[in-house]
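Thanks for coming. I will go through one structure and pick out a few local features and then the packing.

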Amino acid sequence: MSTKKVLIADDELRMRKLVGDFLKKEGYIIIEAENGRVALDIFNREDGIDLVILDVMMPEYDGWTVCREIRKTSNVPIIMLTARSEEFDELFGFEMGADEYVTKPFSPKILVARVNALLRRVESRKDKIKYFDGLEIDYDAHIVYVEGNPIDLSPKEYELLIYMVENNGKALEREQILNKVWGYDYFGELRTVDTHINRLRIKLGKKSKLIKTVRGVGYRFEVKK
C-alpha cells in the first residue's frame, strides 16, 4: 500500500471523486482542487506532493498553465486528463512537461496502473538523481536542472560541479580542484579554476549562491542538509 500524495485538479466533482476513490483503495493520500488556481496554490504550500493529475480544461487556470508553472520549480510527475485526442494536443502536453496523457473517457483502473507505473519509474531513478535546494543533478543523463530547467554545461563544468557537490560543505583549494578535475598531469594555471567557476555561476543563475568563495583558500559548495 502506498502513502504517497496525489493532487487531483478537475472542475468536475464527479471525476475527482471517481479517480480519488480508486487511488485511495491503493493507499494514496488524495488532495483535490476544483480549478487551476486552487491547484497551484495547493502545490506551492503543500509539502511532499508525489504526483499531479491535471484536467486540461479548467476555470481560472487551465491544465497547460498549471503544468507550465509547476515545471518552473519541480519535476514532480504530471498526468494530463483531456477530452481531446488529437496528436497535436498530446505533443503540446509533452512539450509543457507532462509525463503522461490520458484521454477521456478512460478506465479508472488503467489510470491507477499508469500512476503506479509512473511512480515506480521515479523511485527507480531516485538514487541517480540528487536535489540541492532547487538544483537537480541527473547522474545517468549528465544533465543539471535549475528550478526544473536544464542548463547547458560543458563536460568540464559538469565535472567541476559534481566534484564540488560531492564535497558539500568543504573548503576546496584551487590546486586541489585543479588536480581532481583536470588531473595531476595538467600544467595549467590556477586561474583556470576561477574562470570555470565564474562560467558555472553564470549558468547556475539564482543558484550561483550555492558556490561560496573562501578567501585565501578557494571555493565551497554549500547546501544545508
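Start with Glu60, which is exposed in this predicted model, at a relative accessible area of 52%. Exposed here is a cut-off of over 50%. Glu60 sits in the loop between β3, residues 49–55, and α3. What is the phi of Glu60? It is near 70°, a positive value, and Glu60 is a residue other than glycine.

Is Glu147 buried, partly exposed or exposed? Glu147 is partly exposed, with a relative accessible area of 22%.

As background, most residues other than glycine have a negative phi, and most peptide bonds are trans. Pro105 is in the loop that runs between β5, residues 100–103, and α5, residues 108–125.

Now the helices. The axes of α2, residues 36–45, and α3, residues 63–71, come within 9 Å of each other and cross at roughly 20°. Angles under 35 degrees count as roughly parallel, so α2 is roughly parallel to α3. The crossing of these two, α2 and α3, is right-handed. From α2, the contact uses Gly36, Ala39, Leu40 and Phe43; from α3, it uses Val66, Glu69 and Ile70. By type, the residues of this α2 and α3 contact are five nonpolar, one polar and one charged.

In soluble globular proteins, nonpolar side chains tend to be buried together. In this model the largest nonpolar core has 28 residues, and those with the most contacts inside it are Leu135, Leu161, Ile177 and Phe221. Which elements supply at least two residues each? They are the strands β7 (135–138), β8 (143–146) and β12 (218–221), and the helices α6 (155–165), α7 (174–182) and α8 (191–204). Helix α6 gives the largest share of this core, seven residues.

Take Leu161 as the example. Leaving aside residues up to four places away in sequence, Leu161 touches Leu135, Ile137, Val144, Leu153, Leu200 and Phe221. Apart from this core lies another, of 23 residues, including Ala33, Ile42, Met80 and Tyr101.

That is the end of my part.

Key
Residues are numbered from 1 along each chain as its sequence is written. This is a predicted model: local features need pLDDT of at least 70, side-chain atom pairs count only at pLDDT 80 or more; totals for chains, interfaces and linings use all residues. Side-chain values use heavy atoms; hydrogens and water are left out. A nonpolar core is a set of buried Ala, Val, Leu, Ile, Met, Phe, Trp, Tyr and Cys residues joined through side-chain atoms within 4.5 Å. Buried means under 20% relative accessible area, exposed over 50%, partly exposed in between (1.4 Å probe, protein chains only). Helices (H or I, at least four residues) and strands (E, at least two) are DSSP runs, numbered from the N terminus. Contact means heavy atoms within 4.5 Å. Axes are lines fitted to C-alpha atoms, for helices over the stretch in contact, and angles run from 0 to 180 degrees between N-to-C directions. Angles under 35 degrees count as roughly parallel, over 145 as roughly antiparallel, 65 to 115 as roughly perpendicular and the rest as oblique. A crossing is left-handed if the near helix is turned anticlockwise from the far one by less than a right angle, and right-handed if clockwise. Ala, Val, Leu, Ile, Met, Phe, Trp, Tyr, Cys and Pro count as nonpolar, Asp, Glu, Lys and Arg as charged, and the others, Gly among them, as polar.
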